[in-house]
Amino acid sequence: MSTQHPRLDYSRLSGDLFKKYLDFSMAFRMDEALSLLVDIRASQLNGCAFCLDMHVKQAKIHGERELRLHHVAIWRESPLFTPKERAALAWTEALTRIAPEGISDAVYAEVREQFSEAEVSELTWRVAAINGWNRMNVAFRNVPGSQDKMFGLDKAGLS
């Protein structure tokens with residue numbers, strides 16, 4: 001367990017905003033397995049230990065294979081991801097680390113080849129949501145695993 005302590009409890013201090021953001025984050029209709037891959041990759045890129053810990057445990061509970069979880073960081077080289085998952089991960093990376101020139105036409109074409117316009121829109125909102133959570137948890141240093149029991153993540157058997 002980390003020796004760092006949370007800086008403040010933003011969920012309590014901004015309870016109404018926290019609830020609205022949580023409701024927004026729970027409103028997605030995307031495939032759960034794909035959503036969790038997106039959340040894991042964005043959390044890796046943002047260095048959000050709290051979210052990475054949470055979403056790996058959620059993925060394990062939802063039946064994701066451990067090797068695929070280990071391979072999310074190397075998805076480009078891994079043979080374990082479908083073209084649709086690869087497109088979602090590429091889109092996640094492009095939106096999480098927006099380049100000075102913006103999002104390339106090649107990445108957009110890749111995501112559009114695998115997703116409808118409505119699905120790309122929802123995927124984009126999903127990436128925006130996890131990036132927001134990452135920023136809150138990195139800023140306030142929420143401790144990985146500290147809320148496992150509350151969220152039922154102790155069932156993952158990874159603690």
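Val138 lies in helix α8; helices here are DSSP runs of H or I with at least four residues, numbered from the N terminus. This is a predicted model, where local features need pLDDT of at least 70, side-chain atom pairs count only at pLDDT 80 or more, and totals for chains, interfaces and linings use all residues. Residues are numbered from 1 along each chain as its sequence is written, and side-chain values use heavy atoms, with hydrogens and water left out.

Back to Val138. With a relative accessible area of 38%, Val138 is partly exposed (buried means under 20%, exposed over 50%, partly exposed in between, with a 1.4 Å probe and protein chains only). Setting aside residues up to four places away in sequence, Val138 touches Asn46, Gly47 and Cys48; contact means heavy atoms within 4.5 Å.

Now for α3 itself. At the start of α3, a side-chain oxygen of Asp31 comes to within 3.3 Å of the backbone nitrogen of Ala33. The helix is mostly covered, with 11 of its 15 residues buried. Among them are Leu34, Val38, Asp39 and Arg41. What do the buried residues of α3 pack against? They pack against α4 (49-61), α5, α6 and α8.

On to charged pairs. The whole structure holds nine salt bridges, each being a side-chain nitrogen of Lys or Arg within 4 Å of a carboxyl oxygen of Asp or Glu. Here are some of them:

| Salt bridge | N to O distance |
|---|---|
| Arg41 and Glu93 | 2.8 Å |
| Glu66 and Lys60 | 3.1 Å |
| Glu85 and Arg68 | 2.8 Å |

Arg41 lies in helix α3 (residues 32-46) and Glu93 in helix α6 (residues 83-96), so this pair ties together parts that are 52 residues apart in sequence. Are Arg41 and Glu93 buried or exposed? Both are buried. Glu85 lies in helix α6 and Arg68 in helix α5 (residues 66-71), so that bridge links parts 17 residues apart in sequence. Glu85 and Arg68 are buried too. Salt bridges with shared partners also join Arg41, Arg76 and Glu93 into one network. The other pair in the table is partly exposed at both ends: Glu66 has a relative accessible area of 41%, and Lys60 has 27%.

As for the nonpolar side, a core here is a set of buried Ala, Val, Leu, Ile, Met, Phe, Trp, Tyr and Cys residues joined through side-chain atoms within 4.5 Å. The largest core has 14 residues, of which Ala88, Trp91, Val111, Phe115 and Leu123 touch the most other members. Elements giving two or more residues to this core are α3, α6, α7 (105-114) and α8, and α6 gives the most, with five. Leaving aside neighbours within four places in sequence, Ala88 is in contact with Leu34, Val38, Phe115 and Leu123. A second, separate core of 10 residues includes Ala59, Leu69, Trp75 and Phe81.

Arg141 has a positive phi of about 55 degrees although it is not a glycine. Most residues other than glycine have a negative phi. Arg141 lies in the loop between α8 (117-140) and α9 (148-151), and counts as partly exposed at 34% relative accessibility.

Terms used: Polar contact = N/O pair within 3.5 Å; in protein donor to acceptor, adjacent residues only side chain to side chain.
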